[in-house]
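Good morning, and thank you for coming.

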2 protein chains.
Amino acid sequence: MSSTTHLDPTSPSRARRDREKAETRQRILEAARELFTTQGYAQTSMRRIADQIGYTATAIYHHFQDKDSLLNELCAVDFRALGEALQTMDKIPDPVTRLRLMGQNYVRFALDHPQQFRFMFLVERPIPGPECVTIDPAENGYQFLLANVREAIAAGRLRPEFTDPEMVAQILWSGVHGLAAIHLHSPEKTHPWLDLRDPDATAAVMSDIVLRGLLREPSA
Amino acid sequence: MSSTTHLDPTSPSRARRDREKAETRQRILEAARELFTTQGYAQTSMRRIADQIGYTATAIYHHFQDKDSLLNELCAVDFRALGEALQTMDKIPDPVTRLRLMGQNYVRFALDHPQQFRFMFLVERPIPGPECVTIDPAENGYQFLLANVREAIAAGRLRPEFTDPEMVAQILWSGVHGLAAIHLHSPEKTHPWLDLRDPDATAAVMSDIVLRGLLREPSA
DNA sequence: GAGATTACCTAACACCGTTAGGTCGGCCTG
DNA sequence: CAGGCCGACCTAACGGTGTTAGGTAATCTC
């Protein structure tokens with residue numbers, strides 16, 4: 001019963017098969033990403049994903065549990081990319097300046113990667129997904145934002161009434177997130193009554209406003 | 001050709017039939033609203049909507065073009081309600097207080113009508129839609145926000161560098177819009193690393209912060 | 001009564017996500 | 001080398017979806 005028939009994990013052929021399986025898995029992910037981003041999640045069927053890479057829809061189920069976990073995995077990748085983009089600023093000494101630039105980078109990321117951004121934050125999530133825990137907090141953009149808010153509070157830069165770093169972080173996030181969402185949703189003239197200002201300029205002004213409302217007087 | 005066979009718009013029986021048709025249409029809308037809000041849009045099928053009121057799915061197509069226009073009509077109703085709710089505040093004398101309350105009402109509306117809010121602002125729009133000529137109900141709310149910003153500027157309440165009412169309005173909107181979007185997207189524990197604060201409290205604090213950053217000194 | 005209108009129905013289409021069960025080539029053991 | 005196992009992939013199918021074609025029967029106008 002416990003004989004290791006066919007199970008040798010050190011065999012070279014086993015390694016090759018593992019590699020091939022990983023490659024197939026990767027090709028599924030790439031096809032799904034392209035179709036999800038160009039056609040939308042609901043408009044992309046498992047059969048079309050499979051067609052694109054010469055497989056049958058059922059083959060996908062040997063690599064992923066269901067359609068949702070395809071999207072989940074793509075989101076995880078994009079989350080990591082966003083987190084890394086934000087963390088490039090940890091060399092800046094002033095935490096408040098970091099907060100300001102993070103906001104502007106967030107908006108820019110959203111406009112540069114509209115589909116991924118939509119994926120991560122705008123698409124209606126089917127179900128929490130228990131294995132979403134795989135996201136490393138160190139690579140998590142929100143944790144980085146939170147750390148910077150904590151640093152600003154610890155340095156006494158914020159007004160004394162702001163003692164909850166989570167709430168301050170969520171307020172900062174909300175501003176840039178909403179700006180990105182509005183621009184993503186009204187790319188052209190979908191709403192003729194809405195004359196959108198330049199997103200980067202608006203993000204900069206918004207950062208100034210929110211930070212002035214947050215900071216102690218002397219730094220105004 | 002132009003004989004009015006069967007078309008007499010003044011006939012009483014015609015009026016009765018019109019009323020009955022309108023009632024059926026209304027019952028469809030009510031059933032759709034309940035199912036959309038309790039089960040979600042994607043999880044609600046035309047057949048289930050029809051079942052709920054004793055019809056067949058195809059009957060709905062005599063009253064509405066397709067499933068989307070069902071949700072569209074519900075959205076129009078709700079956003080008109082939002083616009084009117086926001087405008088009830090025009091009795092408040094202080095334009096800045098109006099702006100503060102508008103933001104908090106916006107967040108509450110989004111959380112009270114998650115499906116409609118998502119559909120209006122978050123869902124990927126397929127195409128502007130040519131017969132969307134019916135005035136966008138969101139327009140009223142934005143125009144009202146804009147008018148209040150203009151009034152605040154004209155009254156000299158804002159710092160002198162804020163001369164563009166559109167940009168100020170879009171900044172104010174972005175904050176509450178982003179807060180609503182974040183809460184709508186993470187209703188439960190979809191993101192275990194995110195410990196969301198109470199949305200109403202956060203909206204209130206955010207309004208204070210943004211307005212302090214916007215206002216002239218004396219009113220701090 | 002004749003004919004048009006209409007609110008609703010049944011049946012079906014094409015497609016969806018997903019599962020059951022089979023095929024078949026390569027690997028491991030003897 | 002023989003033989004069995006494994007697993008990546010397939011075909012076929014299930015129950016569901018939004019939507020359409022075409023029919024029926026009641027009602028209206030004349």
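Predicted model: local features only at pLDDT ≥ 70, side-chain atom pairs only at ≥ 80, totals over all residues.

Where in chain B is the place of B:L194? B:L194 is found in the loop between α8 and α9 of chain B. Residues are numbered from 1 along each chain as its sequence is written, chains are lettered from A and ligands numbered from 1 in the order in which they are written, and side-chain values use heavy atoms, with hydrogens and water left out.

With a relative accessibility of 10%, B:L194 counts as buried; buried means under 20% relative accessible area, exposed means over 50%, and partly exposed lies in between, with a 1.4 Å probe and protein chains only. Not counting residues up to four places away in sequence, B:L194 touches A:Y142, A:Q170 and A:W173 of chain A, together with B:I182 and B:S186 of chain B. Contact here means heavy atoms within 4.5 Å.

Chain A has 9 helices and 0 strands. Helices (H or I, at least four residues) and strands (E, at least two) are DSSP runs, numbered from the N terminus. Of the 220 residues in chain A, 48% count as buried. Among the contacts in chain A between residues at least 6 apart in sequence, 68% join residues at least 24 apart.

One example of such a residue pair involves A:F109, which lies in helix α5 (residues 95-112) of chain A. The C-alpha atoms of A:F109 and A:A81 are separated by 9.6 Å, and the two residues are 28 apart along the chain. A:F109 is buried, at a relative accessible area of 10%. Leaving aside neighbours within four places in sequence, A:F109 is in contact with A:D78, A:A81, A:L82 and A:M120.

I now turn to helix packing in chain B. How far apart are the axes of helix α5 (residues 95-112) and helix α9 (residues 199-214) of chain B, and at what angle do they pack? The axes are 10 Å apart, and the angle is about 150°. Axes are lines fitted to C-alpha atoms, for helices over the stretch in contact, and angles run from 0 to 180 degrees between N-to-C directions. This angle makes α5(B) roughly antiparallel to α9(B). Angles under 35 degrees count as roughly parallel, over 145 as roughly antiparallel, 65 to 115 as roughly perpendicular, and the rest as oblique. The residues in the contact of α5(B) with α9(B) divide into 7 nonpolar, 2 polar and 4 charged. In this scheme Ala, Val, Leu, Ile, Met, Phe, Trp, Tyr, Cys and Pro count as nonpolar, Asp, Glu, Lys and Arg as charged, and the others, Gly among them, as polar.

Helix α9(B) has another partner in its own chain. The axes of helix α8 (residues 165-185) of chain B and α9(B) come within 11 Å and cross at roughly 160°. The helices α8(B) and α9(B) are therefore roughly antiparallel to each other. On the α8(B) side, the residues that meet α9(B) include B:V168, B:L172 and B:G175; among their counterparts in α9(B) are B:M206, B:V210 and B:L214. By class, this contact of α8(B) with α9(B) has 10 nonpolar, 3 polar and no charged residues.

Between the chains, α9(A) and α9(B) pack at an angle of about 105°, with their axes 7 Å apart. They are therefore roughly perpendicular to each other. Here A:I209, A:V210, A:R212, A:G213 and A:L214 in α9(A) meet B:I209, B:V210, B:R212, B:G213 and B:L214 in α9(B). By class, the contact of α9(A) with α9(B) has 6 nonpolar, 2 polar and 2 charged residues.

At 9% relative accessibility, A:V210 counts as buried. Apart from neighbours within four places in sequence, A:V210 is in contact with A:L172, B:I209 and B:V210.

Finally, a word on cysteines. A disulfide is a covalent bond between the sulfur atoms of two cysteines. How many disulfides does the structure hold over all chains? The number is 0, where a disulfide is taken as a pair of cysteine sulfur atoms within 2.5 Å. A:C75 is buried, with a relative accessible area of 3%, and B:C75 is buried at 0%.
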